[in-house]
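Here is a short briefing on one protein model. Keep the sequence and the coordinates open while you read.

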Amino acid sequence: MDVYRDQLAAFDPDIFSFIAAEERRQSAGIELIPSENYTYPEVLSALGSVLTNKYSEGYPGRRYYGGQENTDAIENVARERACALFRAQHANVQPLSGSPMNQAVYFGLLAPGDTILAMDLSHGGHLTHGAPVSHMGKVFNFVRYKTEPDGSIDYDRVMELAKANRPKLVLAGHSSYPREYDYAAFRRIADAVGARAMADISHLGGLVAANVLANPLDAGFDVVTTTTHKSLRGPRGGLILCSAELAKTIDSAVFPGLQGGPHMNQVAAAAITFKKAMEAQFLSYARQVLANARTLAGALAAGGAQLVTGGTDNHLMVVNTVESFGLDGRQAEETLDRIGVTVNRQIVPDDQRPPLRPSGIRLGTPASTTRGMVEGDMELLAGWMISALQAPEDTAQLADLHKQVSEFCRQFAVPGVEQS
Ligand SMILES: *Cc1c(COP(=O)(O)O)cnc(C)c1O
């Protein structure tokens with residue numbers, strides 16, 4: 001690895017210096033964006049391997065190019081591990097990322113114009129769940145369910161919506177909903193209208209793999225999708241899990257339906273990630289992610305932050321910064337940036353403000369937990385955040401807080417980055 005680093009530094013000092021600067025940035029601050037994580041050194045090694053040279057369109061045993069003895073073995077291991085980890089009958093490990101993964105499922109199971117029942121974007125749904133700006137929102141007819149004012153989902157109302165709109169697919173999943181789902185209720189709703197049930201657990205993949213959150217496959221879901229780079233801590237990529245009955249449909253929807261050659265370096269890195277997720281250490285990690293999130297939410301609330309739904313059952317939380325501190329999400333994000341804490345601005349349910357200046361921020365604990373932070377660290381962190389958000393104009397205090405955050409971060413190594 002180091003040999004290649006030296007070669008890169010010599011050949012392209014511009015790009016090399018940006019990578020080195022990004023390593024410093026990732027080490028110097030606290031990462032609270034709930035969809036981000038620090039992957040394993042083993043994954044970085046596989047991603048940077050010669051597997052990136054290989055074309056392997058098709059599936060193990062049925063490829064359209066020669067020389068597949070190693071790629072077939074790798075993809076088989078990745079599929080077997082994914083099935084074992086999630087108790088699935090079939091796994092497709094080829095989606096290049098989360099968005100093509102969901103597109104492949106929609107095109108595999110549905111025809112253009114068909115109806116999908118999915119969570120409203122401002123209530124926690126993802127862009128790929130039919131946002132009008134997405135191509136999927138134009139190709140399929142999305143009908144949206146919302147959360148109640150207390151943040152719960154009223155499954156009777158979702159059932160009514162389903163009966164009124166007769167979707168072919170009922171989609172459970174989110175990228176910013178802090179509560180647990182009742183997957184059995186979604187399954188009943190799908191059954192009542194003869195629809196397939198799909199869950200997109202992109203954010204929760206690692207927590208479901210570790211069995212600290214419910215697995216929708218246990219509730220009889222037909223298809224489950226997840227990214228591999230969020231709480232799972234692997235390479236950027238997507239994973240589709242499904243019943244044996246749907247295996248062929250899903251596989252041909254990914255290739256040749258949507259994608260060409262898979263990225264075999266990413267598939268190998270995903271296989272390594274699944275092996276990591278089977279270890280006892282990963283279970284402790286997943287438990288700590290949840291414990292940290294509960295502590296962070298509690299400490300923020302005690303400091304005057306208003307949390308959407310009042311708290312969290314998973315790894316993330318949404319703070320209404322307008323109501324709590326009189327700051328919109330962009331101002332709050334920028335204030336926290338100045339003390340070395342990275343979050344993202346976030347719309348809240350039925351937000352009346354524009355997406356670039358929404359009413360809140362979203363934060364989560366997968367990345368900070370990977371660095372080894374525990375409950376006491378979350379309390380410190382909440383204190384610094386509250387101080388900053390209460391006095392965003394106090395430059396001297398912000399500078400002082402930034403210093404404290406930087407010193408604090410030196411105790412926690414970033415996997416794959418040499419400590420300086
Ligand atoms: C992150 C996410 C995706 C998309 O993943 P990309 O890799 O960014 O394309 C899809 N669905 C949900 C719920 C997500 O959170």
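The points below run from the overall fold to single residues.

This is a predicted model. The protein holds 17 helices and 15 strands. Its radius of gyration is 22 Å, close to the 22 Å that the globule rule gives for 420 residues, so the protein is as compact as a globular protein of that length. An assignment divides the protein into domain 1 (45–277) and domain 2 (281–409).

**Overall dimensions and packing**

- Along the principal axes, the C-alpha atoms fill a box of roughly 60 × 60 × 40 Å.
- Of the 420 residues, 56% count as buried.
- Take the contacts between residues at least 6 apart in sequence: 74% of them join residues at least 24 apart.

**Surface and charge**

- The protein carries 37 positive and 46 negative charges. The mean positions of the two sets are 4 Å apart.

**Domains**

- How far apart are the centres of domain 1 and domain 2? Taken over C-alpha atoms, 28 Å separate them.
- The contact between the domains takes 26 residues from domain 1 and 27 residues from domain 2.

**Ser 175**

- Ser 175 sits in the loop that runs between β7 (169–173) and α8 (183–192).
- Is Ser 175 buried or exposed? Its relative accessibility is 11%, so Ser 175 counts as buried; the cut-off for buried is under 20%.
- Which residues does Ser 175 contact, leaving aside neighbours within four places in sequence? They are Gly 124, Gly 125, His 126, His 203, Leu 316 and Arg 362.

**The loop between α10 and α11**

- Pro 262 is in the loop between α10 (247–254) and α11 (264–277). Pro 256 lies in the loop between α10 and α11 as well.
- Pro 262 has a relative accessibility of 5%, so this residue counts as buried.
- Not counting residues up to four places away in sequence, Pro 262 touches Ser 56, Glu 57 and Gln 94.
- Pro 262 and Thr 52 are 210 residues apart along the chain, yet 9.5 Å separates their C-alpha atoms.
- Which residues does the cis peptide bond with omega of about 5 degrees join? The bond joins Phe 255 and Pro 256.

**Backbone with positive phi**

- Arg 166 is not a glycine, but its phi is positive, at about 45 degrees. Arg 166 is in the loop between α7 (155–165) and β7.
- Thr 309 is not a glycine either, and has a positive phi of about 70 degrees. Where is Thr 309 found? The residue is in the loop between β11 (306–307) and β12 (316–320).
- Why does Thr 309 count as buried? Its relative accessible area is 18%, and buried means under 20%.

Note on methods
Residues numbered from 1 in each chain as written. Predicted model: local features only at pLDDT ≥ 70, side-chain atom pairs only at ≥ 80, totals over all residues. Heavy atoms only, no water. Helix = DSSP H or I, 4+ residues; strand = E, 2+ residues; numbered from the N terminus. Rg over C-alpha atoms; globule rule 2.2 N^0.38 Å. Buried < 20%, exposed > 50% of the residue type's maximum accessible area, 1.4 Å probe, protein only. Contact = heavy atoms within 4.5 Å. Lys, Arg positive; Asp, Glu negative; His and termini not counted. Charge placed at Lys NZ, Arg CZ, Asp CG, Glu CD. Domains from an automatic or database assignment.
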